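Hello,

Here is the structure I said I would pass on. My notes on its packing and on one of its sheets follow below.

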Amino acid sequence: MSAASKGHVVVIGAGVAGLAAAHRALARGARVTVLEATDRVGGKLLPGEIAGLRVDLGAESMLARRPEAVGLAREVGLGDRLQPPSTATASIWTRDALRPMPKGHVMGVPGAAAALSGLLSAEGLARIERDAGLPPTEVGDDVAVGEYVAARMGREVVDRLVEPLLGGVYAGDAYRLSLRSAVPQLYQAARAHDTLTAAVRSLQAKAAEAGQTGPVFLGIEGGVGTLPLAVADAVRTRGGEILTRTPVSELRRDGTGWRVTAGDRTLRADAVVVAVPAPAASALLRAEAPGAAAELAAVEYASMALITLAYRRADAALPEGSGFLVPPVDGRTIKAATFASQKWGWVGAEDPDLLVVRTSVGRHHETEILQRDDAGLVQVARHDLRAATGLDAAPVATRVTRWTDGLPQYPVGHHARVARVREHIAKLPGLAVCGAQYDGVGIPACIASAYAAVDQLGGDLAGVRELTANPVQSLHGGAGE
């Protein structure tokens with residue numbers, strides 16, 4: 001490790017990426033100060049309660065087939081609270097019915113038309129088969145997921161399955177989202193095969209060969225929102241300092257180090273990790289890294305809201321499974337619903353007399369719905385739940401959680417923008433960036449980004465190079481958000 005990374009490291013931002021960076025820097029022997037503008041740590045991971053039950057009011061599951069999130073949870077003492085979903089069975093609410101989530105696809109793209117039987121029309125299924133006879137499509141440096149899949153297999157595949165799956169991860173538009181950044185494994189396979197069908201089958205064969213067992217996703221008893229709290233405790237135990245309600249107003253070079261201004265406080269640092277969303281990062285980097293600042297200023301975000309409802313179990317009956325996704329093409333308001341009491345054993349066990357349901361609204365450029373007040377959002381959630389499941393009972397409690405500009409968008413060319421940001425940052429010794437706007441929006445991606453940032457401060461660029469070549473695919477955790 002370099003002298004800079006073993007000295008005083010200031011981490012700006014106490015979301016899961018910032019806290020993971022602080023945790024790793026302390027393990028590398030640095031003195032660490034974390035500065036957070038808000039009054040809490042955790043960012044988009046937020047534990048809460050409804051009707052006396054603990055629930056997640058932000059992200060509720062994490063990809064288990066990457067090592068970062070599960071590994072960090074175990075390191076900070078949460079290993080015995082890791083839990084798989086009680087059910088992995090989900091549905092698609094489309095054409096006025098809940099239809100089983102099909103198997104045998106990669107982010108909605110099938111290896112055979114039969115995999116989507118029952119979800120697509122006969123014409124849609126026939127269109128998938130035409131892929132095998134089409135000339136190869138050059139995906140080039142990047143291409144929109146929806147555009148590429150529709151050209152090969154038809155729009156119905158995109159509209160009925162790819163769109164709701166990607167929308168659950170990014171709250172974005174499949175026809176704008178980058179194949180290379182959002183579904184990186186499929187991008188690489190598409191470059192190596194003449195048809196999309198062959199590309200998907202190659203990924204399926206590789207997965208079967210790997211013989212991965214165990215759950216794809218895990219939650220944490222008490223909520224995934226408890227992870228950043230445990231990491232923060234571990235940071236403090238190791239001697240790190242975490243200051244909330246401490247917004248940083250200026251970041252400047254100071255000799256061989258950095259000067260960080262936060263209110264009336266000035267900190268001198270040997271190295272700085274900027275772990276805040278793109279708009280805030282852009283403002284902080286403007287003085288010393290104007291090129292990186294300009295790139296980050298162009299990153300767009302989607303806003304969304306979660307409506308959590310608690311019902312008396314005696315009054316409410318739900319279909320089996322973890323919940324359902326909703327294709328935008330069907331014109332519904334909610335985009336997903338999670339039957340939390342059925343999906344997570346610990347939620348159901350906390351009060352067997354209650355049922356908890358989470359619904360989500362809001363997609364990129366879809367702002368009208370989010371202008372409604374909380375009561376209005378509860379009303380539309382109940383309306384759509386009734387139409388989908390017949391659930392007509394009055395909830396005993398409701399909570400609305402708004403995530404304004406919560407999800408960074410990965411349009412075509414996103415990877416190149418991230419590479420340019422890092423190129424500008426690399427010119428400034430003792431500076432690194434991490435977070436959801438770079439290499440993946442899921443929890444493992446944010447943690448991988450944080451680890452790569454800290455390693456970079458020590459002169460080890462292997463992590464950054466790996467993320468640049470292979471972004472972390474952010475999958476959909478069942479039927480929620």
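The largest nonpolar core has 48 residues, and the members that touch the most others in it are Val32, Leu227 and Ile443. Please keep in mind that this is a predicted model. Elements that each supply at least two residues of this core include the strands β1 (8–12), β2 (31–35), β11 (217–220) and β16 (271–274). Among the helices that do so are α2 (16–27), α3 (67–75), α10 (226–237) and α18 (443–457).

Leaving aside residues up to four places away in sequence, Ile443 touches Val16, Leu45, Ser61, Met62, Ala69, Val224 and Leu227. There is also a second, separate core of 44 residues, with Val106, Val109, Ala113 and Leu116 among them.

The other item is an open sheet of three strands, ordered β13-β14-β15, with antiparallel pairing. β13 (250–254) and β15 (265–269) are the edge strands, each pairing on one side only. On average, and ignoring direction, neighbouring strands in this sheet are turned by 20° against each other.

β14 is mostly covered, with five of its six residues buried. Five bridges connect β13 to β14, and Asp254 has Gly257 in β14 as its bridge partner. Two residues lie between these strands in their hairpin, where Gly255 takes a positive phi near 65°.

Ala262 is bridged to Arg265 in β15, and Arg259 stands opposite Arg268. The hairpin of β14 and β15 has two residues between the strands, and Gly263 takes a positive phi near 65° there.

Regards

Terms used:
Residues numbered from 1 in each chain as written. Predicted model: local features only at pLDDT ≥ 70, side-chain atom pairs only at ≥ 80, totals over all residues. Heavy atoms only, no water. Core = buried A, V, L, I, M, F, W, Y, C linked by side-chain atoms within 4.5 Å. Buried < 20%, exposed > 50% of the residue type's maximum accessible area, 1.4 Å probe, protein only. Helix = DSSP H or I, 4+ residues; strand = E, 2+ residues; numbered from the N terminus. Contact = heavy atoms within 4.5 Å. Pairing = 2+ DSSP bridges. Axes fitted to C-alpha atoms, helices over the stretch in contact; angles between N-to-C directions.
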